[in-house]
Each structure stands twice: as structure tokens, then as C-alpha cells.
Amino acid sequence: MPVKKLFWENPYLTETEAKITSVHDQTITVDQTIAYAFNGGQQSDSGTIGGYEIIEARKDGKEIYYELEPNHSLESGDDVTIKIDWEKRYKLMRLHFAAELVLENVYQNYNHPEKIGANITADKARVDFYWDGNISNIFPELENKINGMIQSNLEIISAFSDEEKQRRYWEIKGFARVPCGGTHIKKTGEVGPILLKRRNLGKDKERIEIYLTD
């Protein structure tokens, strides 16, 4: 059985009990987890398993493999506590959804330009596009649309579109339904105020950087 991903059921959990299901040197698997592994541009969570620091979290199919610090003493069958760095997780969740709002508003209002990259860390998020001209020209209108959605504190639905294949989506009624397996906040108001910055990546390539301001 692949690991049960509690971060989908409740992305606000910061601690859970689990059982070690395999150990191969520094790499382990568990029966259930709250520690998200890098996927879709979203940075992995930081935290501990059984008191040992998670060095790397890697998703492979439906499984998640955790690399722990060297010389851990964990064995298959051990009961452990998994803890995550909540401050980092919550920033990731807020910036992730800020990036989703930027992307969907750009798609819907500016002729659906091609996205060529995205990344979310605890410090900032970014979305890259093929774009003719200076993308910051749209920032006043774009920020107005996004801030309106944030201030409206709209409900964000997160659910499976195909549970067997572990495909998920987020949805804001009347705005968009988007395939996404990340961790999501419950309401747009949780994003809080944001700041957009422009970076030119070369001919016809533009980046929107997104920062939290509180």
C-alpha cells in the first residue's frame, strides 16, 4: 500500500503518528505522512521523523521516500512521530495559492499565454511565461483582480478528481477548477497582501515573482 497522504486530508496538521514500512540506509518509507514531497513546483516540507531531520523528500509514483540524517536508528515496524515546520508549510501554502491566482487570472484575462515554469518556496513564488513585451504593464489591473479575490475570502475546494490515480484539483466556484496535487489553504483571504515583481528572462520570456508582505 502506498503512503497515506494526510497533507491532502488536512493540510493544517503539524504532527502525526506513523509506522516505518521500509528502511534502506538513510531512506525510509512510512504508512502515513504529513510531510509533503517536492512536486509541481512546490518545495518539500521540512521536519523530522522519529526525531531525525528530513534531509530530502522525494515522490515516486504514489510513494514518498524520505532521506534522513546519517546514522539514524530507525527500523521497519517502528512507531514514530512525524513533525513538520509549520511556519514554512503555511508560507508555502499561501504563496502556492497566490501563484495559482496569478496564473489563472493571467490565463483568463490576457489570452492564455504559455506558462514555461513555476516554483514555490517559503520566500517567494514565481510563474514564467512566453510574453511579448514588459509583463509589469499588466500588474496594476492584475493586482486589483487578485486583491479583490483575496479580500472576498472565497472558499477553496480541494478534492480528488480520480482517487485511484491520486489526481486532485482545487476549485473556486465561478472562477476556475484546476488540476493540482499541492497543499491548499481553505480561503483566499489566508493569502494576505502580496507584492508582484517583474524579471525579464530573455527575449519574449517574462517572470512574475510573488512575495507575501505580512
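**A chat about helix α2 and its surroundings**

Reader: How many residues does helix α2 have, and what span does it reach?
Author: Helix α2 (residues 86-109) has 24 residues and reaches 34 Å from its first C-alpha to its last, close to the 34 Å expected at 1.5 Å a residue; the expected span is 1.5 Å times one less than the number of residues, and helices are DSSP runs of H or I with at least four residues, strands runs of E with at least two, numbered from the N terminus. This is a predicted model, in which local features need pLDDT of at least 70 and side-chain atom pairs count only at pLDDT 80 or more, while totals for chains, interfaces and linings use all residues. Residues are numbered from 1 along each chain as its sequence is written, and side-chain values use heavy atoms, with hydrogens and water left out.

Reader: Which residue caps its N-terminal end?
Author: D85 does, with a side-chain oxygen 3.2 Å from the backbone nitrogen of E87.

Reader: And what comes just after α2?
Author: There N111 takes a positive phi of about 65°.

Reader: Switching to T16, where is that, and is it buried or exposed?
Author: T16 is found in strand β2 (residues 15-24), and it counts as buried because its relative accessibility is 11%.

Reader: What does T16 touch?
Author: Leaving aside residues up to four places away in sequence, T16 touches L6, Q32, I34, V80, T81 and I82, where contact means heavy atoms within 4.5 Å.

Definitions and conventions. Buried means under 20% relative accessible area, exposed over 50%, partly exposed in between (1.4 Å probe, protein chains only). A polar contact is a pair of N or O atoms within 3.5 Å; within protein, one must be able to donate a hydrogen and the other to accept it, and residues adjacent in sequence count only if both atoms are side-chain atoms.
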